[in-house]
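Here's a quick briefing to read with the model open. It goes through the strand pairing and then the pockets.

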Amino acid sequence: MAKQKAIIMKSGDDVATALEALSAGEIIHLILGETPVDIVLTQEIPFGHKFALHGIGCGEEVLKYGLPIGLSLI
């Protein structure tokens, strides 16, 4: 079994957290709810940082732990 490289804290979250430094272009395998998905990273993600699991519009709330943690600036 492959080592887990990122974690989603709660189903429905908008972001995952990197469990190690991740490289641009790397494919991250995750489970969203009960659905396996592959996320292709567009930039490097340092250990402990978050990355979006889908498009989040500018000004929209970003969910982690099922709760808003801020607003998207992009």
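Predicted model: local features only at pLDDT ≥ 70, side-chain atom pairs only at ≥ 80, totals over all residues.

Residues are numbered from 1 along each chain as its sequence is written, and side-chain values use heavy atoms, with hydrogens and water left out.

- Strands here are DSSP runs of E with at least two residues, numbered from the N terminus, and two of them pair if DSSP finds at least two bridges between them.

**The hairpin**

- β3 (residues 27-32) pairs with β4 (residues 35-40) in the antiparallel sense over 6 bridges.
- One of the bridge pairs puts H29 across from D38 in β4.
- The β3 and β4 strands make a hairpin with 2 residues between them, and G33 in the turn has a positive phi of about 70°.

**The largest pocket**

- A pocket is found on a 1 Å grid over the protein atoms alone: it's an open set of points where a 1.4 Å probe fits, with protein on both sides within 12 Å along at least five of seven lines, and lining residues have an atom within 4 Å of a point.
- The largest pocket comes out at about 530 Å³, where volume is the space filled by probe spheres set on the points, with grid points joined across faces, edges and corners.
- It has 20 lining residues, and Q43, F51, A52, I56 and I74 lie nearest its centre.
- β4, β5 and β7 (67-71) each supply at least two residues of that lining.
- By class, its lining has 13 nonpolar residues (Ala, Val, Leu, Ile, Met, Phe, Trp, Tyr, Cys and Pro), 1 charged (Asp, Glu, Lys and Arg count) and 6 polar (the others, Gly among them).

**The second largest pocket**

- This pocket has a volume of about 300 Å³.
- K3, Q4, K5, H29 and L30 are the closest to its centre among 13 lining residues.
- β1 and β3 are the elements giving two or more residues to this lining, and β3 has the largest share, 5 residues.
- The second largest pocket's lining splits into 9 nonpolar, 2 polar and 2 charged residues.

Methods
Helix = DSSP H or I, 4+ residues; strand = E, 2+ residues; numbered from the N terminus.
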